[in-house]
Amino acid sequence: MIVNNLFSLENIGIKNAKIHYQLTADQLHEITLSRGEGTETVTGALAIHTGKFSGRSPQDRFIVKDSITENEVWWGDINIPFEPAKFDALYNKLTAYLANKELFVRDAYVCADPNYRLNVRVITETAWANLFCYNMFLRPDEKELTNFIADWTLICAPSFLADPETDGTRQSNFAILNFTRKTIIIGGTGYTGEMKKGIFSALNFILPVFKNALSMHCSANVGEDGQTAIFFGLSGTGKTTLSADPNRKLIGDDEHGWTSENTVFNFEGGCYAKVVNLNEENEPDIFRAIKKGALLENIVYKKHTNEVDYTDISISPNTRVSYPIDFIHNVQPGSIGRNPKNIFFLTADSFGILPPIAKLTPGQAAYHFISGYTAKIAGTEAGVTEPQPNFSACFGAPFMPLHPTRYAEMLSKKMKDADVKVWLINTGWTGGPYGTGSRMKLKYTRAMITAALNGELDHVDYHNHAIFKMAIPESCPNVPVEILNPRNTWEDKNLYDTKAIELAAKFKANFVQFESYANEEILDGAPEV
């Protein structure tokens, strides 16, 4: 193992650390194996367990309330304030804890557009966490590293536990952003997504407030005609799957900026995909990307083998893989595209109410963007025995420090200026709710999106949904006509009407918190109850 004795972290308070600086993916892979912290799958990927936490802990994510954030952040249950003095004290405890330890340091950056680039120095306790950052952040070349100056610092120490009584945290784990010190500290959790989403949260403040650029929780790709498409959606709705289209070049699968110069750029240098029920037939690009250099989290092997059983979620339903974006064969050079012409809002509606595709008016688009709806499936969380609505403003509320209407207003203006078509895509259930109906076939969803992108839905007849009012096409190439209207797929039409009204009422109840900020056009986009 290579220890860089010439590199020091004493300027940030970490003394006498044994530092592994800028190791390659292969080196990090081998160190993880040699330490017994991971295993190698039959395809050569590294598989690790993240410990107690296999997902984010939103209630333990804080933002320091200071002169920069006090009047800008939308404080509440999502953006929880943290005292500057408490941060300083906890930071000092953390850095003292890391003194004399073996640490992995990586200099990377985020934002593919050089006009918006942010340099990040990442310090991790484990080699595999550093591999995750190698995969997910953008990788500077040797020349760029020569004079590298970090804009932000990220420290991740899963073995460091906070004391809630003295440190001001809720429990022993935490993720805290400090915009004055330009630092993120993470402790008590090994879930790698906390690092990725920590940087994303920082950009969701920095870009709109200081750079006049819209930050988005979305995937994006571009066709041969140069037309960009954006896919908004919460985890599990299909952002990664649907943007990995063999006929289009991938810009990125999760986080993007939309600039005043009319470009869309990826924040990241990799993909972080769910692998539950992954198979080569449905998701060939993701399946083939799981090779040497990829990092699998919390998976289970088939008995007596090192072959992954993607159907086994006994450790976690949030099994994931990270890999560099160039593991996907058709990637957009530079990870930058032009203004989008089509935007897709993805929802996995496990109630089986929303149509598989519908065209939205500008008001409806703003309403559904602010709502950020999908539905939890029964059995995926303790206590969830039937579908549960899940509203997450801007399709990413846990990562959005500003009020949702700030992002919605920016998006609405950009959509109008660029004359963008907005579509709702339901990747969830048809023929009834979860347990009665069946999930929409991926091939039909792809066919609907392809038809929208190719303009094939510009000249078909539409009818408006009786309750949600969105325009449903009467026909779509390569899609059975009978599935386009969700009401027609239910055996009991009256029951569909009842359940549709119930879901609309939940939309309305959720939106009450935003009504005083919304204009008449947005309010007119609401369903009728």
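What is the volume of the largest cavity? I looked this up in a predicted model, and the answer is about 110 Å³.

**Entry 1, cavities.** I then took the largest cavity and listed its lining, which has 15 residues. Closest to the centre of this cavity are Arg 61, Glu 194, Lys 197, Ser 201 and Pro 398.

I asked which elements give two or more residues to the lining of the largest cavity. They are strands β9 (174–178) and β10 (183–187), together with helix α6 (193–211). The largest share is that of α6, with four residues.

**Entry 3, lining by residue class.** I sorted the lining residues of the largest cavity and noted eight nonpolar, four charged and three polar.

I moved on to Met 216 and placed it in strand β11, which covers residues 214–222. Is Met 216 buried or exposed? I recorded it as buried, because its relative accessibility is 1%, and the cut-off for buried is under 20%.

I listed the contacts of Met 216, leaving out residues up to four places away in sequence.

I checked Met 216 against Phe 267. The two residues are 51 apart in sequence, and their C-alpha atoms are 9.6 Å apart in space.

Conventions: Residues numbered from 1 in each chain as written. Predicted model: local features only at pLDDT ≥ 70, side-chain atom pairs only at ≥ 80, totals over all residues. Heavy atoms only, no water. 1 Å grid on protein atoms, 1.4 Å probe; cavity = no way out; pocket = protein on both sides within 12 Å on 5 of 7 lines; lining within 4 Å. Points joined across faces, edges and corners; volume = space filled by probe spheres on them. Nonpolar A, V, L, I, M, F, W, Y, C, P; charged D, E, K, R; others polar. Buried < 20%, exposed > 50% of the residue type's maximum accessible area, 1.4 Å probe, protein only. Contact = heavy atoms within 4.5 Å.
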